[in-house]
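Colleague: Could you take me through this model, please? I shall ask as we go.
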Amino acid sequence: MADVYNWQLGRTIPYPYPEAHPQKQFAAVFNINRCIGCQTCTGACKATWTFSRGQEYMWWNNVESKPYGGYPQHWDIKILEMLDAAQQKTGKPAQWDTTQTDAKKPYGTYNGLTIFEANDPTQQALGYIPNDAEWRAPNFYEDTSTAYKGDNLGISTEGASLPEHQTWFFYLQRLCNHCTYPGCLAACPRKAVYKRPEDGIVLIDQSRCRGYKKCVEACPYKKSMFRGTTRTSEKCVACYPRVEGNDPLSEGVPMETRCMAVCPGKIRMNGLVDIAQDGSWVESPQHPLYHLVKVEKIALPLYPQLGTEPNIYYIPPRWAPRAYLHQMFGPGVDQALERYAAPSRETLAVLQLFRASQKMVFRYEIQEGPLVHEMQIKGKPWQMYNDTVIGFDSKGREIARLPVVEPIHERPKERLNSI
Ligand code: SF4
Ligand code: SF4
Ligand code: SF4
């Protein structure tokens, strides 16, 4: 085992291969607060990649209702319980030390076991293979909330207010995280799983795979799936032809993936970030993902404690209990939500770029506009400006231009009744 640095955990972790980083990393930010659970993303992936025999049960992208839903069923509860059982044996609690933070460890240091440390010595990573029943339906407990406290008419007697609702659920959008230290890659005895040096996309070489399912077992997010008809495992391919700029619509520049580009809720932003040799993100303050993840830190990794350094980031839901969110997104939750609830002038403009173009935005500029609104948020003054944000593709061409205040178009009198 080599020691590799995981910035999300603020420390090194053991990994079967020495540290090696791609030049760019495929990444995305999902704003959970905006998701309407429409599953358009899920259908787009299915229609593009998994419509063939043997792939019927595969949902490389899925959207599950938390806290009860999951695909496969109970995937996160199961791996967290396994991790906890290993942790209990050490006699020490798994804790985050947030007393010291800096650019190399923005959330402090995680002192618990990861899947690479809690495993039995014969395994590369802690994991399990879901049984068939757990894969039987992609959307268990859809829209099921926690217990509702109403009167005999089912009407709430207490109402609800932020920061936490008594009754809650939220949608969690999931696909392969194209992890920096993938569990699937660590566990494959055939070296069939690889991470591309040009964009960090994690793929399974179908000609090398022998279907041992070690990747299915070791992916803590359960995003590697076995196909019975070919006896090989498959997973999200990050729509690599689009990312490479080879889609006919892309005009030679990287495009966002199918599941990202179709999202009607405008919750998803996909991109490529520059990676330095030591694995850190190259400073790029006008890259929208860099701004959201590294500067404002309002988008957080999913279950960072698992240790794979996932590259899909989430703006947490504002109304769910904080303890649940801390477990799911780590110690950055409180600051992320505070900043999201009262966004800075720049963040408010950057948030407009979600789904503004099918092409990936590599840089943004902001043109300052007038002050349009002033209010107090949590007792502090907050101003809103009608700035204009402009997005540029990888060749520096303008691909999006949006004002913070959405324009209102009034229908002319003669067309009052038309759509
Ligand atoms: S999410 Fe799972 S399948 Fe995807 S790279 Fe990470 S460990 Fe591998
Ligand atoms: S990135 Fe492409 S392959 Fe991966 S889940 Fe989304 S649509 Fe499917
Ligand atoms: S398409 Fe967008 S809004 Fe609809 S479920 Fe997927 S992530 Fe949510």
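Colleague: Into which domains is the protein divided?
Modeller: This is a predicted model, and the protein is divided into domain 1 (2-341) and domain 2 (347-403).

Colleague: How far apart do the C-alpha centres of the two domains lie?
Modeller: The centres of domain 1 and domain 2 are 26 Å apart. Contact between them involves 24 residues of domain 1 and 17 residues of domain 2.

Colleague: Which elements give two or more residues to the domain 1 side?
Modeller: Those elements are β12 (268-274) and α7 (288-295). The largest share, five residues, is supplied by β12.

Colleague: Turning to ligand 3, which residues come nearest?
Modeller: Of the 15 residues around ligand 3, the nearest are Cys35, Cys38, Cys41, Cys263 and Gly265. Both α1 (40-49) and β7 (170-174) contribute at least two residues each to this shell. By type, the shell holds nine nonpolar residues, five polar and one charged.

Colleague: Where is valine 262 placed?
Modeller: Valine 262 sits in the loop between α6 (258-261) and β12.

Colleague: Is valine 262 buried or exposed, and why?
Modeller: Valine 262 is buried, because 20 other C-beta atoms lie within 10 Å, and the cut-off for a buried residue is 20 or more.

Colleague: What does valine 262 touch, leaving aside residues up to four places away in sequence?
Modeller: Valine 262 touches Thr40, Cys41 and Ala44. Although threonine 40 is 222 residues from valine 262 in sequence, their C-alpha atoms are 6.7 Å apart in space.

Notes:
Residues are numbered from 1 along each chain as its sequence is written. Chains are lettered from A and ligands numbered from 1 in the order in which they are written. This is a predicted model: local features need pLDDT of at least 70, side-chain atom pairs count only at pLDDT 80 or more; totals for chains, interfaces and linings use all residues. A residue is near a molecule or strand if its C-beta atom, placed from the backbone, lies within 6 Å of it. Helices (H or I, at least four residues) and strands (E, at least two) are DSSP runs, numbered from the N terminus. Ala, Val, Leu, Ile, Met, Phe, Trp, Tyr, Cys and Pro count as nonpolar, Asp, Glu, Lys and Arg as charged, and the others, Gly among them, as polar. Domain bounds come from an automatic or database domain assignment. Two residues are in contact if their C-beta atoms, placed from the backbone, lie within 7 Å. A residue is buried if 20 or more other C-beta atoms lie within 10 Å of its own, exposed if 12 or fewer, and partly exposed in between; C-beta atoms are placed from the backbone.
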